Amino acid sequence: MQFLEARGLPTRKDERYKYTDVAAVLEPDFGLNLGRLSLQFDPRQTYRCRVPGLGSSVHYVVGDSVAESNVLIDDGSLFVGSMVEFAQRYPDILRAYYNKVEGDSLAALNTLLVQDGLVIRVAKGRKVADLLQIVNLSVGSVPMLANRRQLIIMEQGAEASILNCNHSATRCSNLATEVVEGVLAEGSHLQYYSVEETTNNCNLLNTTQFVQHESSKLDYASITLNSGLSRRTINITLDGTHAQTAVSGLVLANDNRHIDNNLLVVHNAPLCSSDILYKYVLDGSSIGAFAGKVLVNAQAQKTDSQETNANLCVSPTARMFTQPMLEIYADDVKCNHGSTVGQLDDTALFYMAQRGITPEEGRLLLQQAFAWDVLQRIDLLPLRQRLMHMVEERFRRGAGACGDCVMCAG
Amino acid sequence: MLEIKNIHASVEGKEILKGINLSVKAGEVHVLMGPNGSGKSTLSNVIVGNPQYTVTAGTITFNGKDLLAMPPEDRSHEGIFMSYQQPVEIPGVSMNNFMRAAVNAKRKYQGLPPISGGDFLKMVKEKRELVGLDAGLTRRSVNEGFSGGEKKRNEIFQMAMLEPLLTILDETDSGLDVDALRIVAEGFNKLRTPDTAAICITHYQRMLDYIRPDIVHVMLDGRIVRTGGPDLAYRIESEGFDWLKE
């Protein structure tokens, strides 16, 4: 609160917000569900988002509320459920991990307004076999602001895979602020994949923060298939030796979409690795922005870091801003970074046409190939195949062509 | 089959072809020879409809149809195939997906339903064995990391898959050692039928030892200046092109 008062909301003069005008996103007069009205909406009837071939437990967040129909999991070593419930059962644990994001006004705004959230806690040594799926639904018959929160606690040696999906069940314009906080204790392994497939009326301001301890492993990917304005601030701190992080992003944007990913990876310990790959396919008059900074502090010797941002502007009016950055204070490191912005390869398109492949199909194959590169980094094969299918559908039928949720089409 | 009449064509405003006439009948193999820059590759690119080349005059018909009115993909569906001098690499697109898209596009043009997965794989295996293409290559990205010989063999494999009526071999022999050349040429010969024809562009007579041509044309400065039998190719091999420039 004090931070928010002192600093105000970010403007384009703030280095990390120079590509996105946050004030304009917050400008409309949004409704807030402060009265905690029940939304009388059972997502299970309409959003049976499944990943074929993968066991999963699905947990819904409707608007800003953890759905009443969710089945709470609390078996001693795994908790998946509402933050309010978690606070009653495990107040000390919550206090130790909650609200550790610093220096971020949007996260502070979320903290100020948030009413509930989801907690996933995987206790020491627990390996969760099923995919934990979170479905966030934008709802409301008037423009709404939903403030969502996730807290992920991976204790020593714990393993889990989380799929976070954002969908929309409304044609009304709306904004979601999201804060995802995660801690990976020694030797834990978290796969966290976020899929955004809403509508052009849904704007998103997301702050994601992971802190990694010794020998922990994080695989993070965000996949933006359809959205309005989408801004993600991702902070990953490597605090223990031998921690590994792989951060990936895929953005497909058309019309006048605005997608901004701002990443900061901080190496605070020796012998850690970070592997970053972001790819954008921009059509129409969409605007993409990527800024990724890898900060290697003096004690982080033997850091191994690789950062790549590759972008395809398939229409002449699409624009991409790319800013990969490296800041190194240690002297024995292996780091590189680079970015490219290109168009579809005409030579390849004509080669395909000579083999009878129409230009439309040829463009589809090239864009898909470009995008699939990112999905190859997803270890869970059924999920990877599902996402490949979704990306193909997205290219073939356009954004939102199947209604609200491509997931349900399968 | 193919009737080319008085074709003039230019690239970036520069006229390369200055009135080409050529008639290819079913069952024939034609050879186009000529020094660099004489217009051989331009002619083949004009036939397949490469948008970088502009036809300024003349007509081309293929089995009675106006070829110049068709987009490149329809020319392919009608049965025209070009084996590239430098096959294009397409990272991320697997050979299998690429060929399946090509086969299905042709089937759609012919009013046929898409090929089933099983039938497609059977077809790939059969054609692959016919041209001696390594099984692993069809699972890799199109031409990516292929050796020179593998790329050319891959072109003949694609030809086998698409069963064209007219094949243009654009310097298929360049960059190949004798063994690779023999394998590629043998693959091509296996695919020949009385209903198909070919135009083979080459600098070297050694290609002609494998592909016995019926007619040899010599191009100079955008025109066909001499047409003859196979002997013409042997004479050029020993004497060069100078005697044709008067």
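Trainee: Leaving aside its neighbours within four places in sequence, which residues are in contact with A:N166?

Mentor: Two residues are in contact if their C-beta atoms, placed from the backbone, lie within 7 Å; by that rule the partners of A:N166 are A:N136, A:E196, A:E197, A:T198 and A:L204. This is a predicted model, in which local features need pLDDT of at least 70 and side-chain atom pairs count only at pLDDT 80 or more, while totals for chains, interfaces and linings use all residues. Residues are numbered from 1 along each chain as its sequence is written, and chains are lettered from A and ligands numbered from 1 in the order in which they are written.

Trainee: Is A:N166 buried or exposed, and how do you know?

Mentor: A residue is buried if 20 or more other C-beta atoms lie within 10 Å of its own, exposed if 12 or fewer, and partly exposed in between, with C-beta atoms placed from the backbone. A:N166 has 26 such neighbours and therefore counts as buried.

Trainee: Where does A:N166 lie in chain A, and what joins β8(A) to β10(A)?

Mentor: A:N166 belongs to strand β8 of chain A, residues 159-168; helices (H or I, at least four residues) and strands (E, at least two) are DSSP runs, numbered from the N terminus. Two strands pair if DSSP finds at least two bridges between them, and β8(A) is joined to β10(A), residues 189-197, by eight bridges, the two strands running parallel. Within that pairing, A:E159 stands opposite A:H189.

Trainee: What is the order of the ten-strand sheet in chain A, and why is one side of β2 and of β20 left without a neighbour?

Mentor: The open sheet runs β2-β1-β6-β8-β10-β12-β14-β16-β18-β20, with mixed pairing. β2 (65-66) and β20 (334-342) of chain A each have a single partner strand, so they stand at the edges and one side of each lacks a neighbour in the sheet.

Trainee: How do you know that the length of α8(A) agrees with its number of residues?

Mentor: The expected span of a helix is 1.5 Å times one less than its number of residues. For the 17 residues of α8(A) this gives 24 Å, and the end C-alpha atoms are 24 Å apart, so the two values agree. The buried residues of α8(A) include A:L365, A:L366, A:F370 and A:V374.

Trainee: How many residues does each chain bring to the contact between chains A and B, and which element of chain A gives the most?

Mentor: Chain A contributes 17 residues and chain B 20 residues. On the side of chain A that touches chain B, two or more residues come from each of α7 (346-354) and α8 (359-375), and α8(A) gives the most, with seven residues. That side of chain A divides into ten nonpolar, four polar and three charged residues, where Ala, Val, Leu, Ile, Met, Phe, Trp, Tyr, Cys and Pro count as nonpolar, Asp, Glu, Lys and Arg as charged, and the others, Gly among them, as polar.

Trainee: What makes the radius of gyration of chain B agree with that of a compact globule?

Mentor: The radius of gyration is taken over C-alpha atoms, and the globule rule is 2.2 Å times the number of residues to the power 0.38. For 246 residues the rule gives a value near 18 Å, and chain B has 18 Å, so the two agree. Buried residues make up 43% of chain B, and its C-alpha trace spans about 60 × 40 × 35 Å along the principal axes.

Trainee: Why do β2(B) and β5(B) stand at the edges of their sheet?

Mentor: Four strands of chain B form an open, antiparallel sheet in the order β2-β1-β4-β5. β2 (14-24) and β5 (65-66) have a single partner strand each, so each has one side without a neighbour in the sheet. β1(B) pairs with β2(B) over eight bridges, and eight bridges also join β1(B) to β4(B), where B:S10 stands opposite B:T54. β4(B) and β5(B) pair over two bridges.

Trainee: What makes the phi of B:N143 and of B:E163 worth a remark?

Mentor: Most residues other than glycine have a negative phi, whereas phi is near 60 degrees in B:N143 and near 45 degrees in B:E163. With 23 C-beta neighbours inside 10 Å, B:N143 counts as buried, while B:E163, with 14, counts as partly exposed.
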